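Hi,

Here is the structure I said I would pass on.

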Amino acid sequence: MLKNDRRKFIRDLSAISIGAVTSSNFLSCATRLDSKNEGAQGKNLVVIQLAGGNDGLNTFVPYRNDIYFKNRPNVALQKKEIIAGSGQYDIGFNQALSPIVKLYDKGMLSVVNGVGYKDPIRSHFRASDIWHSGTKSSEFIETGWLGRVFDHAPYHDHIGVAIEDSLPPILKGQHSNSLAFTDINRLYSKYKALEVNQFNQLNDIHASENYRFLVEKLTQTKKQVENLKQYYKTFTPKSSYPPSKLGKDLAIVSNLIKSDTSIAVYFLTIGGFDSHANQKVNQAKRLSEYSLAVDAFVKDMKANGLMKDTLIFTFSEFGRRVRENGSKGTDHGTANSAWFIGESLKKQGFYNALPSLANTVGNDLVFQIDYRRLYVDILEHWLGVSYGTVISDPKNELKGLGLL
Amino acid sequence: MYTNQDIKHLFWRAGFGFRAEEYAKEWTRKDALEYLYVNSTGKRVWKSSLSPSDYSNLRTWRNRGKLPKAEILRVAKLVSGYRNRVVGNWIQEMVDTKKDIFPLRMSLFWHRYFPCKSNEAGYVADHIILLKSKGLGDFRSLLLAVAKDPIMMTYLDTVRNKKQNPNENFARELLELFTIGIGHYTEEDIKEASRAFTGWGFDKITGEYQFNPSEHDTGVKRFMGKSGRFKGEDIIDIILEKRQTAYTICRKIYQYFVHPKYDQDLIKELGDWFYESNYNIGALMLRIFTSDWFYDDKNISAKIKSPIDLIVGLQRQLNLKIPDVKGYYGMQVLLDQKLFEPKNVAGWSGDRQWINSQSLPARLTFGDYLLGLKRQEMVYKADAEAKTVRVPSKVKLGFEANTFFESTSRFDSMFNYLISHNQILSRNDKTMTGLRQILSSIDYQLC
């Protein structure tokens, strides 16, 4: 593995000529980056969102709890559908996760239960926005927590990449310019064909804010896409990726990581978790797709000696109600499980017990752990940046969990 | 008195930009507003773009459960292209219209405001008529009609909202997206409101709203500080009694029609006025378009055009006509906005959200795409070197360069630039070279 200082830079800071924002409102009262100003550490963060609201209770199953079975006559997993966990918490795995269970056995999985936030939101896009922005449920901001990582040193010359058609909020920064694409060659040919009209560089006092925004976006993106095309190489993977969308997306991520560029964060989604009806079949299908793709990716990274520098973080915008609904499914809920997959986890297995199924509020699980504490771990102990530059926490309430 | 810049601004915001022949006229404020049909009372009768026999085929399709397989296949073939044709016809109306410019702009706004998704051509055609005919009337009638529309009832699960098993989807979006907005209601309000909407449904064959009393929860609901045996209509009335609802609607209208960044005081002033007018949409819009602040320099070219703005505006300005409205689907895919296919229930947030690494190059080369230059690039490159080539006669262009930018000063900058770089000879030079420069400019992305 190449050292970070030799990483190929996608972002060209000299391209930012017009309208670059110099100060950010959001961070004006937050802690500034400490002056040590270490370089970015050559770590890769892969974030996967299970979109639609994955049912946590049928993922990490309280299989010795009667309340679970009583509330879910049609939806509860039966014995043969569960792989028992070995830890102290009586939590089993949905059998669709069997490849992930193998990682658990090897100490490469760390699951945090009861993750959520105060005043939970059950709307898909708003709840998703909260997880992306890294704010309290009452705060609205346009940038995402990982996008803000690239607004500052040591990551200001790095970017994130979403294997998506458009850039998700999580990677939006104040002035960083992360990219979204599903096919690098197609994206490159679009920009190559684009004659950058010289008039587009003309900037006068009459130009509006949106004009400046567009000019900056165009100049930066064109340069980045050209750099990316130049550095991107395809490698023969050391494991076979499943043909699912997530499998294909992770294969692209694998090539990007091996190409050793200054991309530090990768964002992917797998949809179909909004299990209002016929949950057992539908969720198992999606979880199995997730597990097989992640398994192939981990094997590939390991075989190339890259897993020690790669961390996978998986979350979903909310969990689901304890009680099943009338159509063999579950409705939008609150607290949920989120997990890390990696080689150097400090606390392996289950970090904590599942939240109580008896003491619910309106049949919803009560959150135990503020989701932003997981972000603190990632920022401080994986990416090596002080979390105050990214997450607003004026009263210093957020503490990491010490997982990484 | 309006200036030239004001008129262009008004035509872009209340309509889809100038046609060359419209630009040739001298406009007063009154003329322009009347021409755009802003003064309308919403009395116009709108016709569906589907024929009676199309509807008859659709009814057969909706009833297909009872048909033999061969007959199902036959009807499927018949109706398969209807939906894209219906949406395409709506876009074509925006391109062609001379009399209904503002009502059509308003219908597009309301589709943004009430995003929903459907593949059912008949329901889509009827939904478009609803937006056109009620889009300038009072907000309550519009909201109620949308709430009872088969597409919305399907999209937000109103049809699954039963007394025994309430489904909160519609009630949540009603409060969060369609009316008062997040922060002004509780989770309890959502639960209680969903009970009030139980029993709503529609006739599968005709699409007409139906109330099913046996599925309706007749119990007492506690909603926003009131309690009673509320029905869905009562819930809507209670929400509309709150001034905050008028503020939220006005904020969205302001961001769409005036400037993406809003001024809280102005929104309050507009909202109070809208509230007192009993939510009269047409009157509110007239008030906005006759306010001096609407024409402030800071509002000129402040918005990023939506994909539909680009598709419609370019054709109006160039007097183009595409051979088949089905072609609009490809353009919507290219520019990343498919009508009746929003990415999620929040719809399209617009402005900078239109811009991503994929859509940006597509937008900047859209002029070339539409003019068919891509396929014949070699020919035109040779011509471009001569710099005096006229637009080929087979492409019927009626463009007036002056209509392309709203801002007079930006227009001056562009033309001075093009002339000084020998790209065009004069301001009246209607050559393809100059046109391509204009259409691929950043300025053209704004309106």
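**Strands in chain A**

Phe313(A) has Phe340(A) as its bridge partner in S10(A). Before the rest, some bookkeeping: this is a predicted model, where local features need pLDDT of at least 70 and side-chain atom pairs count only at pLDDT 80 or more, while totals for chains, interfaces and linings use all residues. Residues are numbered from 1 along each chain as its sequence is written, chains are lettered from A and ligands numbered from 1 in the order in which they are written, and side-chain values use heavy atoms, with hydrogens and water left out.

Back to that pair of strands. S9(A) and strand S10 (residues 336-341) of chain A run antiparallel and are joined by three bridges. (Strands are DSSP runs of E, at least two residues; helices are runs of H or I, at least four; both are numbered from the N terminus. Two strands pair if DSSP finds at least two bridges between them.) S9(A) is also joined to strand S1 (residues 44-50) of chain A, this time parallel, by six bridges. There, Val46(A) sits opposite Ile312(A).

Why is strand S9 (residues 310-315) of chain A largely enclosed by the rest of the structure? Six of its six residues are buried, where buried means under 20% relative accessible area with a 1.4 Å probe, protein chains only. Thr310(A), Ile312(A) and Thr314(A) point one way, Leu311(A), Phe313(A) and Phe315(A) the other, and all are buried. In a regular strand the side chains alternate between the two faces of the sheet.

There's also an open, antiparallel sheet of three strands in chain A, in the order S2-S4-S3. Its edge strands, each pairing on one side only, are S2 (60-61) and S3 (82-84). Three bridges join S3(A) to strand S4 (residues 92-94) of chain A, with Ile83(A) opposite Phe93(A).

**Where the chains meet**

The contact (heavy atoms within 4.5 Å) takes 44 residues from chain B and 42 residues from chain A. About 3700 Å² is buried between them, 56% of it on carbon and sulfur atoms; that is accessible area (1.4 Å probe) lost on putting the two parts together, summed over both.

The rule finds three salt bridges across this interface, meaning a side-chain nitrogen of Lys or Arg within 4 Å of a carboxyl oxygen of Asp or Glu. Arg122(A) and Glu187(B) form a salt bridge, with the closest N and O atoms 2.9 Å apart.

Cheers

Terms used
Buried means under 20% relative accessible area, exposed over 50%, partly exposed in between (1.4 Å probe, protein chains only).
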